[in-house]
Number of protein chains: 2
Amino acid sequence: MARRDFLLTPGPVNVPRRVALAESQEILYHRGEEFSELLQRVDAKLKQVFRTQNTILYFAASGTGAMEACIANLLNTKDEVIVVEGGKFGQRWRELCQAFGVHHHVIQIEWGRAVHPEQIAHALDAHPKASAVFTQLSETSTGTVYDIEKIAQITNERDVLLVVDAISGLGVVPCEPDKWGIDCVVAASQKSLMVPPGLAFVSVSARAWQRAERSDLPKYYWDFQMSKKNLYFTPFTPAISLVMALDEALNIILEEGLDNLIARTELYAQATRAAVHAMNLKLFSERPGPVCTAVHVPQGLNGKEILETLRRDFQIKISGGQDHLKGKILRIGHIGDVGAKDVLGTLAALELVLHKVGHKFELGAGVRAALHICAKKEALCAHS
Amino acid sequence: MARRDFLLTPGPVNVPRRVALAESQEILYHRGEEFSELLQRVDAKLKQVFRTQNTILYFAASGTGAMEACIANLLNTKDEVIVVEGGKFGQRWRELCQAFGVHHHVIQIEWGRAVHPEQIAHALDAHPKASAVFTQLSETSTGTVYDIEKIAQITNERDVLLVVDAISGLGVVPCEPDKWGIDCVVAASQKSLMVPPGLAFVSVSARAWQRAERSDLPKYYWDFQMSKKNLYFTPFTPAISLVMALDEALNIILEEGLDNLIARTELYAQATRAAVHAMNLKLFSERPGPVCTAVHVPQGLNGKEILETLRRDFQIKISGGQDHLKGKILRIGHIGDVGAKDVLGTLAALELVLHKVGHKFELGAGVRAALHICAKKEALCAHS
């Protein structure tokens, strides 16, 4: 049963074999010192990737669980909040507020556009009772990166809580929770951390802890206070094999260095953007980031057919669009266990597929454009 | 970094290498047909272990998450419920009701005792508005099995929902959701399913679906309806590697046959009970089951020292007590990847440790008693 799809989706990603083997080690008992020592070791390394000294809480869950944890722990029934909705994951913040009956004001952004920090300022002016802003670092559904540094300036000036879903962005989109003042950063294992899905994280600032102390929304599994009391053990049975995997994945990331990982992934994204232009494709996002490059499916072509041909003929799995963008965009991921040859090989394969389905462009132009970008930073390419 | 503790705790358990290797396969993309086919294959096999035709929902979470899902999906703010609290996990049902503001009546059972089905009948008589009963199949903290068949008769006569935490019991304690009429059975991956922790399950009867449709408690990650709409995909990123592991673990279980697994684990528990009697130890539970055997730490001995010596000298990890039972009981697990030689070897090692710390008993009497039990069912021992 050989499963060989090479994943170039914006998550889950290819898991390095070192990580997969760490995952398959003998299970540790989670109430013993050895597990606690493992989690402390993991935590020290994960804090370097989060770039925070804030407490990080661990949940056996996928990213959405940690998003729900933020809503349930940071808010009161009477709170008002601002939600940025510029894609599938902004929508998720909105739906979570709805599910928990939280009074929320939505900044609606056309999918593919970035929120302008001034929009946050205006929303907070219009709703002075709003006590928190929920947004994304990278909106995975559109490949768009938001300017969290500027947004944090605005929320900090007003003592408003800033909660950032960095599920796909962590580790590849520059993010400085402590320097910029982000109260909570949500992340998950199956993105640039290169671990299978099932582990989610939230970093919690001092201000966020104060809010958590007076929150009255119902919670149990997601309870921040219970997590804090059981720090380095977790209150409920943790996803032990995924924590073992994360330990090794963080070794790989820190051996390379986070700055290098960020620069290298940015290079892949730049090379891909240059390539898709040269292939006569149009970028979907107005502020594209390093997680994935979203492009319009050219008029008259069948998006599903492109995806399926790439998979069948080249064993490459890239993503399509979600919801109303199904069949309308392609999303080429740049995160996980990916090297320069994989990026270039995928662009070459995409050229062949587009050529086959009759898209008009100069065959070879895409890879050539990517190579010119790569040639300027050969050391980065070589590193991978 | 050799981690070789042999786990004889009531979970997490030893994971067979076949399962660990399945877990470490290449990650499948969770929105593709291949993942959905995997989950359908897993589901057909898991239904054989659950012995139900009801829908099974899958959550990336540990068991407590699935317990919370039952509370959040099956109840209304105005509902009254009955909770059986005879240990740490009955307490969890109570705490979940408290967290969600659900009006609940607790049947308090001394830890180590089993609830008498008549107590359920009396509670339902006393609280005729109660619409659901929450209990355990096997109360892991005390090693006690409840008579769910009789309890189900009582709840069915009154059209009351029965929700059973079978997290440690599934697969080794006989349980017939469809025959007996259990509305929801909660389970998790890291017990007799022999998979690392991080996957939780709930089976949902037709009556439970009706309740779920009119439930008004806040939920999102745990939402049964969303899970139903995304059956065989799951609404949020699933714990893919654990699902791959479960696929192989279920192969192993069904190759042996569930009846045989139940009988074999019961044999291990019987042999252990005979051994501990012969070793001049006292059982803690009045209705001990096959998940784990709980025994009192003899007066004057140090429970922690016994656990640590077993681990240090013999690389065997058994559990102590939880909460007020810390240091007072030992819990010897019988589930997971365990054979007769492991059970007998552990009893022998325990004899040596007890002998060393000065406990009074005839050295060899424990294993001899266990052997006499095993000799009556040699075929079962041989099978493992």
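## Helix 3 of chain B

Helix 3 of chain B is mostly covered, with 12 of its 12 residues buried. A residue counts as buried if 20 or more other C-beta atoms, placed from the backbone, lie within 10 Å of its own. Among the buried residues are B:Gly63, B:Met67, B:Cys70 and B:Leu74. Helices (H or I, at least four residues) and strands (E, at least two) are DSSP runs, numbered from the N terminus.

The 12 residues of helix 3 (residues 63-74) should span 16 Å at 1.5 Å a residue, and the end C-alpha atoms are 17 Å apart, which agrees. The expected span is 1.5 Å times one less than the number of residues.

## Basis of the model

This is a predicted model: local features need pLDDT of at least 70, side-chain atom pairs count only at pLDDT 80 or more, and totals for chains, interfaces and linings use all residues. Residues are numbered from 1 along each chain as its sequence is written, while chains are lettered from A and ligands numbered from 1 in the order in which they are written.

## A sheet in chain B

In chain B, 3 strands form an open antiparallel sheet in the order 11-14-13. Strand 11 and strand 13 (319-320) are the edge strands, as each pairs on one side only. Two strands pair if DSSP finds at least two bridges between them.

Strand 11 and strand 14 (residues 329-333) of chain B pair over 5 bridges. B:Ala294 has B:Arg331 as its bridge partner in strand 14, and B:Cys292 stands opposite B:Gly333. In strand 11 (residues 292-296) of chain B, 4 of the 5 residues are buried, so this strand is largely enclosed by the rest of the structure.
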